[in-house]
Amino acid sequence: MTTLTRADWEQRAQNLKIEGRAFIHGEYTAAVSGATFDCISPVDGRLLGQVASCDAADAELAVQDARATFNSGVWSRLAPVARKEVMIRFAALLEKHAEELALLETLDMGKPISDSLSIDVPGAARSLSWSGEAIDKIYDEVAATPHNELGLVTREPIGVVAAIVPWNFPLLMSCWKLGPALSTGNSVILKPSEKSPLTAIRIAQLAIEAGIPAGVFNVLPGYGHTVGKALALHMDVDTLVFTGSTKIAKQLMVYAGESNMKRVWLEAGGKSPNIVFADAPDLQAAAESAAGAIAFNQGEVCTAGSRLLVERSIHDQFLPLVIEALKGWKPGNPLDPETNVGALVDTQQMNNVLSYIEAGHADGAKLVAGGKRTLQETGGTYVEPTIFDGVSNAMKIAREEIFGPVLAVITFDSVEEAVNIANDSPYGLAAAVWTSNLSKAHLTAKALRAGSVWINQYDGGDMTAPFGGFKQSGNGRDKSLHAFDKYTELKATWIKL
Ligand code: NAD
């Protein structure tokens, strides 16, 4: 953990060099059009710098470069053990530059510096090193062939990968894609969110320093409807991997259908239920976890525990514990190492969250904590962690992903009712269950339509386990060896002996 104070971070922020250009074939470059956009910090509204606003012309250059590099074999045909060593060096460079990357992430996106430093940067580095370490330990297959034939079942890199990522964990989501995509030998074009492009731009240079050949990893900052769309419609992009909203995920499937039927892998939104049964082993622990599940990262988490399902018999005992626990999550300056709730990513997102709070009131839910914008005097975009009680699953705040610190509390009377409410959602990303009854825990976990289920905890998991959604939360999986499927094609080769 850092010993740096808020004053130290402020000082470093003053001296920070901000690179906002695109990165193509190993060099920073302005957008072809010369266009840029302002990069504003949600911490206090300060202008961080100008960022290249790439469009279809830049996408064309980057795809051509990625294709040429892929075809040259300089990376795609390198021995797995050699790619492994580079990926491990790349991860080590992220660790070496951890404080700089954490500062960029916090200034750009508003999350607490302590989280950037302890979660985002190490998690990103681990994704690179874990995937790299795995790549020379995976074997292909020999089919059960007749005596005079040999059937080889092999995996090959797919070619040019476009990765489009969101703003809530900019570096981490980028590296969840980059780890397996690069380790398997592809050339990658990364398009970070226009709301938080800085760490993606910065690590492109670290990739070169690690030994990734120029052109294997290009970065195109810019808007979704310009450069993002151009990549998604490009005829020479083989695979599109995406993390972001369900709305845009659906659009990307259309783009793929309208162009070259590129593979599309989607990690989308969530509205995750956190189910607390009366026989939970520790109600205090469950309450503290429920508070963290909605306040961590300002609630801007795809797996935020945004629907708290509480068994009616313990509701009056449990809710005060959650309200009390949420008092420990207090918005403050993200550069202060003590802060655990930072700024929402921008004014648009803050207004979006505030409009959901209005919808909660309008639908008749009962506000029991928070509910307002705060720290206006800073010039930043902060909202109090908020709880609505008396929510029905039909209300807007229970159905739609808010992507902010707003918790909807829903009561239930039976296991069956809890499961029905939990599954009554277009999403299926994650769910949690709190009970001391082993059979109930397993049976409920099986009944839940979600890609991750946590028992007596919230948000468990690491690189060893796949992560992704059922239903409209997406397809495919990030993390673990399962992620490699997205970046490889399966080939059967039959040899007559
Ligand atoms: P978003 O869908 O608005 O944007 C995501 C990315 O898509 C951005 O880079 C954006 O520029 C780009 N984009 C937008 N329109 C595009 C278009 N027409 N063509 C191509 N690209 C386009 O999402 P967001 O607001 O950045 O992120 C929040 C969302 O991400 C939430 O829904 C959250 O649940 C989801 N998310 C999911 C996971 C997961 O693993 N399932 C993880 C983190 C975030």
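Before the first helix pair, a definition: axes are lines fitted to C-alpha atoms, for helices over the stretch in contact, and angles run from 0 to 180 degrees between N-to-C directions. Helices (H or I, at least four residues) and strands (E, at least two) are DSSP runs, numbered from the N terminus.

What you see above is a predicted model, where local features need pLDDT of at least 70 and side-chain atom pairs count only at pLDDT 80 or more, while totals for chains, interfaces and linings use all residues. Residues are numbered from 1 along each chain as its sequence is written, and side-chain values use heavy atoms, with hydrogens and water left out.

First, the whole chain. The protein chain has 15 helices and 23 strands. Its C-alpha trace spans about 70 × 65 × 45 Å along the principal axes. A compact globule of 497 residues would have a radius of gyration near 23 Å, and the protein chain agrees, with 23 Å. That radius is taken over C-alpha atoms, and the globule rule is 2.2 Å times the number of residues to the power 0.38.

Now the helix pairs. Helix H3 (residues 80-96) packs against helix H6 (residues 170-183) at an angle of about 160°, and their axes are 10 Å apart. H3 and H6 are therefore roughly antiparallel to each other. The cut-offs are these: under 35 degrees is roughly parallel, over 145 roughly antiparallel, 65 to 115 roughly perpendicular, and the rest oblique. On the H3 side, Arg83, Met87, Phe90 and Leu94 meet Cys175, Leu178, Gly179, Leu182 and Ser183 in H6. Contact means heavy atoms within 4.5 Å. The residues of this contact divide into 6 nonpolar, 2 polar and 1 charged. In this count, Ala, Val, Leu, Ile, Met, Phe, Trp, Tyr, Cys and Pro are nonpolar, Asp, Glu, Lys and Arg are charged, and the others, Gly among them, are polar.

The next pair is helix H2 (residues 56-72) with helix H8 (residues 224-233), packed at an angle of about 40° with axes 8 Å apart. H2 and H8 are therefore oblique to each other. Ala56, Ala59 and Val63 in H2 meet Val227, Ala230 and Leu231 in H8. That contact divides into 6 nonpolar residues, no polar and no charged.

On to the sheets. Strands of a sheet pair through backbone hydrogen bonds, either parallel or antiparallel. Here, two strands pair if DSSP finds at least two bridges between them.

Inside it, S12 (residues 273-276) and S20 (residues 430-434) pair in the parallel sense over 3 bridges. Ile275 stands opposite Val433 in S20.

Last, an open sheet of 3 strands, in the order S5-S6-S23, with antiparallel pairing. S5 (141-142) and S23 (488-496) are its edge strands. S6 (residues 149-157) and S23 pair in the antiparallel sense over 9 bridges. The bridge partner of Val153 in S23 is Ala492.
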